[in-house]
Amino acid sequence: MLKDFTIENLLDLKETIAAELFLGKTYPWEVLPEIGDFICRLGQTLNPEEYEYREGDIWIAKSAKVAPTACLNGPLIIGKDAEVRHCAFIRGKAIVGEGAVVGNSTELKNCVLFNKVQVPHYNYVGDSVLGYRAHMGAGSICSNVKSDKKNVVVKEKDETVQTGMKKFGAMLGDCVEVGCGSVLNPGTVIGRNTNIYPLSPVRGCVPADSIYKNANEIVAKN
């Protein structure tokens, strides 16, 4: 068991409207097959005085700012005070947390963004979970399919977990900072409060409270 990379050790469930989705699960990636159905159920319970419903199972908080050029596909929930900017592309099965920012030309698909997440510039986030206040620098992406199309395996040193999924991007703990131009390869899991250097190809599990310089140099924060 990858005990350092469980939901409990990665994510503050008080910082998402989707807390119920994670209950009874050990690892955050276990929610990926259930996101779409969960949105449809949750959306029907949202207060119509606070959320506008749009055709196609889309619920948008009335306090959110959504650019008219953004492309929105359901199932989708956009939380209170969130901002979806010019030419953002949301393909569906996405939850955008309260106060989150989805920026220019950023693409989302089958993902949960906790509150205050920022993916503001040319990011791809597919089949992923981004924890509270996680930030992805410009051009950084969550690659979600292996080149050989085999199922994704999560690896930490000598431990492995078979996910049984061909599509699995990255799991970012709370307050993770991903540098510009980085590629988070399928099955990447990053612990809380960790920084990833720009232009990094990241694979496997990165411990909490660390600085990832390269695969052979991961140092603890002072």
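**Figure 1. Lining of the largest pocket in the predicted model.** By class, three nonpolar, two polar and three charged residues line the largest pocket. In this classification Ala, Val, Leu, Ile, Met, Phe, Trp, Tyr, Cys and Pro are nonpolar, Asp, Glu, Lys and Arg are charged, and the others, Gly among them, are polar. The lining consists of Lys146, Val152, Val153, Lys155, Pro186, Gly187, Arg203 and Gly204. The space in this pocket is about 180 Å³. A pocket is an open set of points, on a 1 Å grid over the protein atoms alone, where a 1.4 Å probe fits, with protein on both sides within 12 Å along at least five of seven lines; lining residues have an atom within 4 Å of a point. Grid points are joined across faces, edges and corners, and the volume is the space filled by probe spheres set on the points. The structure is a predicted model, in which local features need pLDDT of at least 70 and side-chain atom pairs count only at pLDDT 80 or more, whereas totals for chains, interfaces and linings use all residues. Residues are numbered from 1 along each chain as its sequence is written, and side-chain values use heavy atoms, with hydrogens and water left out.

Figure 2. Strand S12 covers residues 124-130, and seven of its seven residues are buried (under 20% relative accessible area, with a 1.4 Å probe and protein chains only; exposed is over 50% and partly exposed in between). Strands (E, at least two residues) and helices (H or I, at least four) are DSSP runs numbered from the N terminus; two strands pair if DSSP finds at least two bridges between them. Strand S10 (residues 107-113) runs parallel to S12 and is joined to it by six bridges, with Lys109 having Gly126 of S12 as its bridge partner. Strand S14 (residues 141-142) pairs with S12 in the parallel sense over two bridges; here Tyr124 stands opposite Ile141. Two bridges also join S12 to strand S17 (residues 170-172), again in parallel, and Val129 stands opposite Met171.

**Figure 3. Aromatic pairs.** The whole structure holds four aromatic pairs. The ring centres of Trp29 and Phe168 are 5.6 Å apart and the planes lie at 40°, so this pair is tilted. Trp29 is in the loop between helix H2 (19-22) and helix H3 (35-43), while Phe168 is in the loop between strand S16 (159-162) and S17, so that the pair links parts of the chain 139 residues apart. Both Trp29 and Phe168 are buried. Tyr53 and Trp59 form another tilted pair, with 5.3 Å centre to centre and 55° between the planes. Tyr53 is partly exposed at 47% relative accessible area, whereas Trp59 is buried at 7%. Ring pairs also link Tyr27, Trp29 and Phe168 into a cluster. Rings of Phe, Tyr and Trp (its six-membered ring) pair if their centres lie within 6.5 Å; planes under 30 degrees apart count as stacked, over 60 as edge-to-face and the rest as tilted.

**Figure 4. Backbone features in three loops.** A cis peptide bond, with omega about -5°, joins Gly74 and Pro75. Pro75 is placed in the loop between strand S4 (71-72) and strand S5 (76-78). Asp81, although not a glycine, has a positive phi of about 60°; Asp81 belongs to the loop between S5 and strand S6 (83-84) and is exposed, with a relative accessible area of 54%. Asp209 also has a positive phi, near 55°. Asp209 lies between strand S23 (205-206) and strand S24 (210-214) and is partly exposed at 40% relative accessibility.
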